There are 2 protein chains.
Amino acid sequence: MQRTLTRELPQRIGQRVLLEGWMHNIRSFPDFSFLILRDRTGNAQVILEPGPELEKLHGLQNESVLRIEGTVVEEERSPLGVDVRDAWITVVAPVTEIGPFELNKKVLKPSLDVFLNHAAYGLRHPSRIAVFRIMSTILAGYREFLLSEGFTEISTPKLVGGATEGGANVFPVQYFDRTAYLAQSPQLYKQIMVGVFERVFEIGPAFRAEEHATSRHLNEFTSLDLEMGFIESQRDVMDMLRRVLQAMIEAVRTRNAREVELLRMELPRIEEIPSLKFREAQQMILERHGEDRSQEPDLSPQDERWICEWGEKEHGSQFVFVTHFPSAKKPFYSFPDPEDPEYSETFDLLFRGSELVSGGRRINDYAQQLEVLEQRGIDAQPFEGFLEAFKYGMPPEGGFAIGAERFLARLAGAENLRETTLFPRDINRLTP
Amino acid sequence: MQRTLTRELPQRIGQRVLLEGWMHNIRSFPDFSFLILRDRTGNAQVILEPGPELEKLHGLQNESVLRIEGTVVEEERSPLGVDVRDAWITVVAPVTEIGPFELNKKVLKPSLDVFLNHAAYGLRHPSRIAVFRIMSTILAGYREFLLSEGFTEISTPKLVGGATEGGANVFPVQYFDRTAYLAQSPQLYKQIMVGVFERVFEIGPAFRAEEHATSRHLNEFTSLDLEMGFIESQRDVMDMLRRVLQAMIEAVRTRNAREVELLRMELPRIEEIPSLKFREAQQMILERHGEDRSQEPDLSPQDERWICEWGEKEHGSQFVFVTHFPSAKKPFYSFPDPEDPEYSETFDLLFRGSELVSGGRRINDYAQQLEVLEQRGIDAQPFEGFLEAFKYGMPPEGGFAIGAERFLARLAGAENLRETTLFPRDINRLTP
């Protein structure tokens, strides 16, 4: 008999079916037992009466893998609208030891640390299944939209010869008889590839040797990168960002309705995104909160919260762009605003209280890039292979990077990025 | 004026359009010049008469970025069926130095090493653009098919605590005050995730500290991984492999017709794939080629070529499965054939002369896995986080991994994997 998925049961009323899955729960009463069987599409309720079939479950713990042949009967009080009765049970993989915590309670009880130590087990909790199913949709939504916009997907090396985003925070790798580094981002490679495909994206791991194990940092994360040429200004990049976020959120809304409901996620609507220049944001903070930030070269976490409050109050938007950060604080490839080169065509997108995306326009002129490197006292030689892309004709271009785990955390209201990462890596954690 | 892509020109006859792209070629005659402008969709031919517009190109080299406003006129002799005339030119990014080799000749002239040294420039050659556009389609085809089959995409860590596929060939990373390793594959993680989602896939980098810089090995490659539960035997995994390969090839056939033609690629048809057990393959080699392989625990490159010859001749198939390799030569998670445990439910898929995919069924029983580890003298402790997935109920499962660059090389008839890798990594090459 071919397997039926639990989701298909309502279409099989009156039929004999074969189910396969995990024993999610069992509740026993004198006259019958309710067995909840979990498969990748949901849960089925199986009604077992005392007898040899129920006996087969004797001594088995939850998460045992079962094959159940049974008859689908209509049952209004059951969540699926059906129950399975007259079951024949085969034990496929017995579990004899009680798990480290319960998977069939609404809320996960263990501390985050205990949970992560037992991720192989804990990720089976319905709330975790829902979160990481949404992650899969976020990745799919990102790619599908960009492919439809003429982007080409690329895979660039994670083993690199030098640090791209500055010398700190980089992991050294023993690469035969020399030292390589783990890429902090695909930045230089995606810029090169604008010369080839105009529009490129990459989904891949990025590595930061961040020594602080805070809730907001991971040492390895999934970076949703994009770079596009023939732009007029960074506005074109910001528009593309808005549209791809819309597409991702729409994908989650339509494909993960059940998961969104289970997690009580509130998916934001994105219409126009309000935008403040960095100095305007500081001015707004001075006016509304009486704090003078004019000597600060960057936004503090408190600034970001205030800016998001402003966006919500004045524009009804959970997203706010802050643009034109001081050039000196931005990487060497950032494009200085021609009208005010002390500031750059760079942006952060803030969402629900803090930064979600960084991006901007890049320098595309070879001579200008060489000049900036010299001004900053950076040796151009290690960047030769990158600079060649500019020497031989690069259109105005820009891009951004979204941290996938961060986006999902913000959507799901998770306080710690470790809740939206399958197997997080930090200074204290390298397993499982 | 909004930009028109060169592909759209045949629909704009008689209209004034704005094109943007790279000066791919220019050929000058006394009365006029042919300028070929390349953008992400193809090439346009622009007819320039002597005068101030043509003057603007004086001293510029190919790859200069241009903006061209002109009128689209029908021209049968032109590849697109149209030319662009009455052009106004804006030089967006001038190139003043001749590139290291020519991009507008059919065949790339430089040696592979020179080409790779100038990848940022050389990847703009139309043959390279075609190859890596097909790579993008291969990735998209893989994902789209698997999502439609109920798979969930996962992202698992590339920084790991120990070697998964054996102790050699692994890159050590200085991870704060200890040593981490770069994942050789997502093997153990994708197996864990079968317990969560039943069916998972991942596209990501994999790292092998392979010391030999042969045409068939890279130190970093893109691994198309898959793992699925509730299988009856490895046949289910092999079927899924056949179907996903069909889907990928079909995606290339329909989305990259132009690239396939340019590269003169012959896309294989996959119907039924013939299959030999390892010992049957050796027997076939003895019978057809008189070579006794019965003492060999693995296939040699010559064996693989012979087996592919057999597949082509006897079954008209460029793909051949070889199954049931000796258990002792396969990793500890390989499932021993219950009828003949000296051999395992493992397979290689050979394609056009050599191995393309490895896969198989895995041990899903906790006690059995512990026993195999003990037999092999492998300490179970480092695998604790992995083994937990089996302790708490794992269905029969299996999977495989396809090297994306290898698949593309075999499809494109490329002799060296470095031709189908954007920025290849080997013992001698870490840049660009």
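**Reading sheets, helices and contacts**

Tutor: Let us start with a helix on a sheet: helix α5 (residues 187-197) of chain A lies across β6, β10 (199-207), β11, β15 (354-362) and β16 of chain A, and α5(A) runs at about 40 degrees to β11(A). This is a predicted model, in which local features need pLDDT of at least 70 and side-chain atom pairs count only at pLDDT 80 or more, while totals for chains, interfaces and linings use all residues. Residues are numbered from 1 along each chain as its sequence is written, and chains are lettered from A and ligands numbered from 1 in the order in which they are written.

Student: Which strands does α6(A) touch?
Tutor: Helix α6(A) packs on the sheet too, touching β11, β13 (319-323), β14 (346-351), β15 and β16 of chain A. Its direction makes about 140 degrees with that of β15(A). Helices (H or I, at least four residues) and strands (E, at least two) are DSSP runs, numbered from the N terminus. Axes are lines fitted to C-alpha atoms, for helices over the stretch in contact, and angles run from 0 to 180 degrees between N-to-C directions. Residues are in contact if their C-beta atoms, placed from the backbone, lie within 7 Å.

Student: In what order do the strands of the open sheet in chain A come?
Tutor: First the general idea: strands of a sheet pair through backbone hydrogen bonds, either parallel or antiparallel. Here two strands pair if DSSP finds at least two bridges between them. In chain A, 8 strands follow the order β6-β10-β11-β16-β15-β14-β13-β12, and the pairing is mixed. At the edges stand β6 (152-153) and β12 (275-277) of chain A, each pairing on one side only.

Student: How many bridges join β11 to β16 in chain A?
Tutor: There are 7 bridges between β11 (residues 220-229) and β16 (residues 397-403) of chain A, and these strands run antiparallel. To find your place in β16(A), look for A:Ala401, which stands opposite A:Asp225.

Student: What about β9 in chain A?
Tutor: Strand β9 (residues 178-182) of chain A pairs with β7 (residues 159-160) of chain A in the antiparallel sense over 2 bridges; there, A:Leu182 faces A:Leu159 across the pair. With β8 (residues 172-175) of chain A, β9(A) pairs over 4 bridges, again in the antiparallel sense, and A:Tyr181 stands opposite A:Pro172. The hairpin of β8(A) and β9(A) has 2 residues between the strands, and A:Phe176 takes a positive phi near 55 degrees there.

Student: Where is B:Phe176 in chain B?
Tutor: B:Phe176 sits in the loop between β8 (172-175) and β9 (178-182) of chain B. Its phi is near 55 degrees, a positive value in a residue other than glycine.

Student: How do I read two packed helices?
Tutor: Two packed helices are described by the angle between their axes and the distance between the axes. In chain A, the axes of α4 (residues 126-148) and α6 (residues 234-255) come within 8 Å and cross at roughly 135 degrees. They are therefore oblique to each other (angles under 35 degrees count as roughly parallel, over 145 as roughly antiparallel, 65 to 115 as roughly perpendicular and the rest as oblique). Among the residues making this contact are A:Ile134 and A:Phe145 of α4(A), and A:Met248 and A:Arg255 of α6(A). By class, the contact of α4(A) with α6(A) has 11 nonpolar, 2 polar and 1 charged residues. Ala, Val, Leu, Ile, Met, Phe, Trp, Tyr, Cys and Pro count as nonpolar, Asp, Glu, Lys and Arg as charged, and the others, Gly among them, as polar.

Student: And a pair in chain B?
Tutor: Take α4 (residues 126-148) and α12 (residues 404-412) of chain B, which pack at about 125 degrees with axes 10 Å apart. That angle makes α4(B) oblique to α12(B). Their contact includes B:Ile138 of α4(B) and B:Phe407 of α12(B), and it has 9 nonpolar, no polar and no charged residues.

Student: How many residues does each chain give to the contact between chains A and B?
Tutor: Chain A gives 73 residues and chain B gives 75. On the side of chain A that touches chain B, the largest share, 7 residues, comes from α4(A).

Student: Which peptide bonds are cis?
Tutor: One joins A:Thr431 and A:Pro432, with omega about -5 degrees; another runs from B:Thr431 to B:Pro432, with omega near -10 degrees. A:Pro432 lies in the segment after α12 (404-412) of chain A.

Technical notes: Contact = placed C-beta atoms within 7 Å.
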